[in-house]
Amino acid sequence: MINERVDLMKQKIGEDISSFSVSPFAKWMGGKLLAVEEGLVEIEITVREDMCNPLMILHGGVAAAIMDELMGWSAYTLNRAHKYTTINLNVEFLSVVKIGEKIICSTSLS
């Protein structure tokens, strides 16, 4: 069975997310789409100053929002008729990310 959503997103691999996403948050977030499969999305984001807290490291709320956004994208790739929304999100922060550093964000739904 052909998954038109995945096929459409695969055409955008390598492009800046802000050029094709319909999500206002994703347009602000930016980044580059690296990979798409059914239930999987991977992006690369360069941390900007407007993503940081006063310590000039990636704001925890922004990190959580990026995770939430990508989970929505992954759900979209499942090609289901109904919509999804997050009902619970738990995050453990293990390290800091500084301005200019790149992060790879990936999701996988099984």
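What volume does the largest pocket have? In this predicted model, the volume of the largest pocket is about 780 Å³. Its lining comprises 25 residues, and those closest to the pocket's centre are E69, G72, W73, A75 and Y76. Two elements, α1 (4-10) and α3, each give two or more residues to this lining. The largest share, 7 residues, comes from α3. Sorted by class, the lining of the largest pocket holds 12 nonpolar, 7 polar and 6 charged residues.

The second largest pocket has a volume of about 370 Å³. It is lined by 19 residues, and L58, A63, M67, F93 and V97 lie nearest its centre. Here the elements that supply two or more residues to the lining are α3 and β3 (102-108). The classes in the lining of the second largest pocket are 13 nonpolar, 5 polar and 1 charged.

The surface is the next topic. A nonpolar patch is formed there by M67, M71, L89 and F93, which together have about 330 Å² of accessible area. Two members of this patch, M67 and F93, are also among the residues nearest the centre of the second largest pocket. Another member, M71, is placed in helix α3, which spans residues 60-77. M71 has a relative accessible area of 31% and therefore counts as partly exposed.

Charged side chains complete the picture. Side chains of opposite charge can pair when their charged atoms come close. A search of the whole structure finds 3 salt bridges. One of them joins E37 and K10, with the closest N and O atoms 3.3 Å apart. This pair links distant parts of the chain, since E37 lies in strand β1 (residues 32-37) and K10 in helix α1, 27 residues apart. E37 is partly exposed at 42% relative accessibility, and K10 is partly exposed at 35%.

A further salt bridge brings together the side chains of K32 and E44, at 4.0 Å from N to O. It too links distant parts of the chain: K32 belongs to strand β1 and E44 to strand β2 (residues 40-46), 12 residues apart. K32 is partly exposed, its relative accessible area being 33%.

The side chains of R48 and D50 also meet in a salt bridge, with 3.0 Å from N to O. R48 has a relative accessible area of 27% and is partly exposed; D50, with 45%, is likewise partly exposed.

How values were computed:
Residues numbered from 1 in each chain as written. Predicted model: local features only at pLDDT ≥ 70, side-chain atom pairs only at ≥ 80, totals over all residues. Heavy atoms only, no water. Patch = residues over 30% accessible without salt bridge, like charges linked within 9 Å, V, L, I, M, F, W, Y side chains within 5 Å. Areas by Shrake-Rupley, 256 points an atom, 1.4 Å probe, with all protein chains shown as cover. Helix = DSSP H or I, 4+ residues; strand = E, 2+ residues; numbered from the N terminus. Buried < 20%, exposed > 50% of the residue type's maximum accessible area, 1.4 Å probe, protein only. 1 Å grid on protein atoms, 1.4 Å probe; cavity = no way out; pocket = protein on both sides within 12 Å on 5 of 7 lines; lining within 4 Å. Points joined across faces, edges and corners; volume = space filled by probe spheres on them. Nonpolar A, V, L, I, M, F, W, Y, C, P; charged D, E, K, R; others polar.
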